[in-house]
Amino acid sequence: MQIRPGWIPLWSGADQLQASSNIIFSNGALDPWHGSGVKENIGSSIFALLIKDAAHHLDLRSPHPADPNSVIQARQTEMNIIRGWLK
């Protein structure tokens with residue numbers, strides 16, 4: 001198997017996001033593949049969030065009493081961003 005650093009952004013088109021808008025990339029720090037995700041904001045309406053105590057899509061699931069504070073805060077941040085888009 002050949003290791004190909006930088007392949008995921010090239011394959012997914014993430015290297016061409018400047019023409020896009022209104023996207024939130026949420027990355028759970030507990031996901032082993034989070035390092036290949038979009039890690040920095042791009043422009044004024046494409047956001048990258050790193051959620052410290054989260055795994056795959058935990059922020060997109062229904063709230064649960066056991067949710068870590070980082071997930072609760074990420075959900076609030078996501079809602080604030082979306083509300084801003086809708087204004």
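D67 is buried in this predicted model, with a relative accessible area of 11%. The model is a prediction, and side-chain atom pairs count only at pLDDT 80 or more. The side chain of D67 meets that of R75 in a salt bridge. The N to O distance is 2.7 Å, which lies within the 4 Å cut-off for such a pair. R75 is also buried, because its relative accessible area of 13% falls under the 20% limit. A search of the whole structure finds one salt bridge.

A74 belongs to helix α2. Is this residue buried or exposed? A74 counts as buried, at 7% relative accessibility. Its contacts reach beyond its neighbours in sequence. With residues up to four places away left out, A74 touches L49 and I51. A74 and L58 stand 16 residues apart in sequence. In space, their C-alpha atoms are 10.0 Å apart.

Helix α2 spans residues 69-86 and includes M79. M79 has a relative accessible area of 38%. This value lies between the 20% and 50% limits, so M79 is partly exposed. M79 also contributes to a nonpolar patch on the surface.

Definitions and conventions. Residues are numbered from 1 along each chain as its sequence is written. This is a predicted model: local features need pLDDT of at least 70, side-chain atom pairs count only at pLDDT 80 or more; totals for chains, interfaces and linings use all residues. Side-chain values use heavy atoms; hydrogens and water are left out. Patches are made of residues with over 30% relative accessible area and no salt bridge: like charges are joined within 9 Å, nonpolar side chains (Val, Leu, Ile, Met, Phe, Trp, Tyr) within 5 Å. Accessible areas come from the Shrake-Rupley method with a 1.4 Å probe; for residues, only the protein chains shown count as cover. Helices (H or I, at least four residues) and strands (E, at least two) are DSSP runs, numbered from the N terminus. Buried means under 20% relative accessible area, exposed over 50%, partly exposed in between (1.4 Å probe, protein chains only). Contact means heavy atoms within 4.5 Å.
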